[in-house]
Amino acid sequence: MTDVIDTLVGIAPGSKLDAIRANRSEARKHAQASYTSLFEPRDIAGVTADERHAIAAFVAGLHGEPRTDAFYGAKLSAGLRAAVAAEVATAKTKGPYGRFPKGPLSAEDAPGPTWKVSDTGRKALGPRLPAALEHTHMLVFHPRDAAAPALQALLDAGWSTTDIVTVSQLVAFLSYQIRVVSGLSTLASSL
Amino acid sequence: MTEKTLTPPPHTEPVVFTRDMLDWLPWIEPMAEQDMTERHLASLVDASRVKSPYFRLLARDPDVLEARTRTDKDIFYNPEAGLPRAERELAAAATSRLNGCIYCASVHARFAATYSKRVDDVQRLLDEGVGARLDERWEAIVAASAALTALPMSFGKEHIERLRKVGLDDAAIADLIGAASFFNWANRLMLSLGEPATQG
């Protein structure tokens with residue numbers, strides 16, 4: 001199957017970047033396997049395909065990397081895509097911000113907002129996705145503000161402990177994939 | 001019935017970035033060892049990780065954990081060409097410092113110090129952050145890692161030129177992109193599923 005990172009960066013077989021990625025063939029193979037496990041899993045388990053793609057499209061939208069944004073957006077129905085895009089527009093900010101544990105690092109605290117899904121979004125996204133997107137915003141922009149109550153909010157919204165692991169991996173993997181796509185695209189244009 | 005988060009046992013929270021060994025306490029329930037199937041155990045890749053609550057928690061989604069771990073190992077341990085190990089670890093430590101992951105930074109600052117023997121420089125990165133004075137090569141690596149980590153991402157041609165000027169070839173730059181990007185994955189799991197604790 002096609003390698004998503006190669007496709008998004010536009011790495012042609014036989015190119016210089018193809019050779020460089022081939023030197024890390026395990027990383028290349030398992031970055032793709034991570035994608036497959038998250039979006040085409042053997043067992044879809046507790047997180048539906050639509051939920052997985054909506055969270056991914058939200059993460060991609062927040063990063064504003066055009067290729068990944070278009071890729072994940074295209075996986076959604078028009079209605080869901082529009083609902084996610086409307087939330088991205090109000091959620092996008094600068095990061096990383098957040099507070100450190102109280103002590104010497106408090107001097108570096110950069111407190112910032114806890115973002116909430118709009119009322120319109122809440123209606124469009126159904127019962128569980130709003131809590132997941134709110135958590136996603138924290139993971140993307142201010143992960144050092146994470147605390148147990150954020151996970152309780154997900155549990156209360158109907159996500160199980162195992163679902164939370166999958167959702168966390170989705171956001172964290174996307175944070176990796178988008179940076180690789182962006183970084184390698186920059187490198188490709190300076191070869 | 002809705003599940004509840006865990007209350008970690010009494011512990012001391014680290015309040016500075018450190019190279020000391022730390023513990024990690026989960027906020028949601030890891031798998032119990034006796035409930036793990038062959039598939040769950042295989043997803044740990046290293047059998048000894050069954051003792052780690054972090055990996056037993058991630059094993060709830062075993063295919064993703066295994067792919068994550070094999071990606072991680074090739075980015076950091078593959079000795080073939082590219083960026084020296086010490087500097088892959090430096091990129092991981094710098095990323096963790098900027099995102100604020102005290103646990104991740106402790107592990108990778110230890111590795112960076114061990115492989116480079118530049119304990120004082122690594123400690124300065126932990127103490128002062130990604131703007132710390134190091135040397136031209138390390139400052140270029142730290143700046144590139146920070147540009148890949150911050151949002152909006154600002155990693156551009158000027159970072160690549162600066163990295164080339166201090167001696168990184170294309171394979172080394174690709175390794176740096178891999179290492180810094182990977183820690184944007186790892187930091188988010190470590191920071192959001194539990195908390196660090198000082199040992200002893």
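Reading chain B along the sequence, the pattern is β-α-α-α-α-α-α-α-α-α-β. That makes nine helices and two strands in chain B. As for overall form, the radius of gyration of chain B is 18 Å, close to the 16 Å that the globule rule gives for 200 residues, so chain B is as compact as a globular protein of that length.

A word on what we are looking at. This is a predicted model. It scores ipTM 0.98 and pTM 0.98. For chain B the mean pLDDT is 97, with 100% of the residues at 70 or more.

Now the dimensions. The C-alpha trace of chain B spans about 55 × 35 × 35 Å along its principal axes. How much of chain B is buried? Of its 200 residues, 48% count as buried. On contacts, take the pairs in chain B that are at least 6 apart in sequence: 65% of those contacts join residues at least 24 apart.

Next, one helix in particular: H9 of chain B, residues 170-193. H9 of chain B has 24 residues, and from its first C-alpha to its last it reaches 35 Å. At 1.5 Å a residue, 34 Å would be expected, and the value for H9 of chain B is close to that.

Why can we call H9 of chain B largely enclosed by the rest of the structure? Because 22 of its 24 residues are buried; the cut-off for buried is 20 or more other C-beta atoms within 10 Å of a residue's own. For chain B as a whole, to repeat, the buried share is 48%.

Note on methods
Residues are numbered from 1 along each chain as its sequence is written. Chains are lettered from A and ligands numbered from 1 in the order in which they are written. This is a predicted model: local features need pLDDT of at least 70, side-chain atom pairs count only at pLDDT 80 or more; totals for chains, interfaces and linings use all residues. pLDDT is the predictor's confidence in each residue, from 0 to 100. Helices (H or I, at least four residues) and strands (E, at least two) are DSSP runs, numbered from the N terminus. The expected span of a helix is 1.5 Å times one less than its number of residues. A residue is buried if 20 or more other C-beta atoms lie within 10 Å of its own, exposed if 12 or fewer, and partly exposed in between; C-beta atoms are placed from the backbone. The radius of gyration is taken over C-alpha atoms; the globule rule is 2.2 Å times the number of residues to the power 0.38. Two residues are in contact if their C-beta atoms, placed from the backbone, lie within 7 Å.
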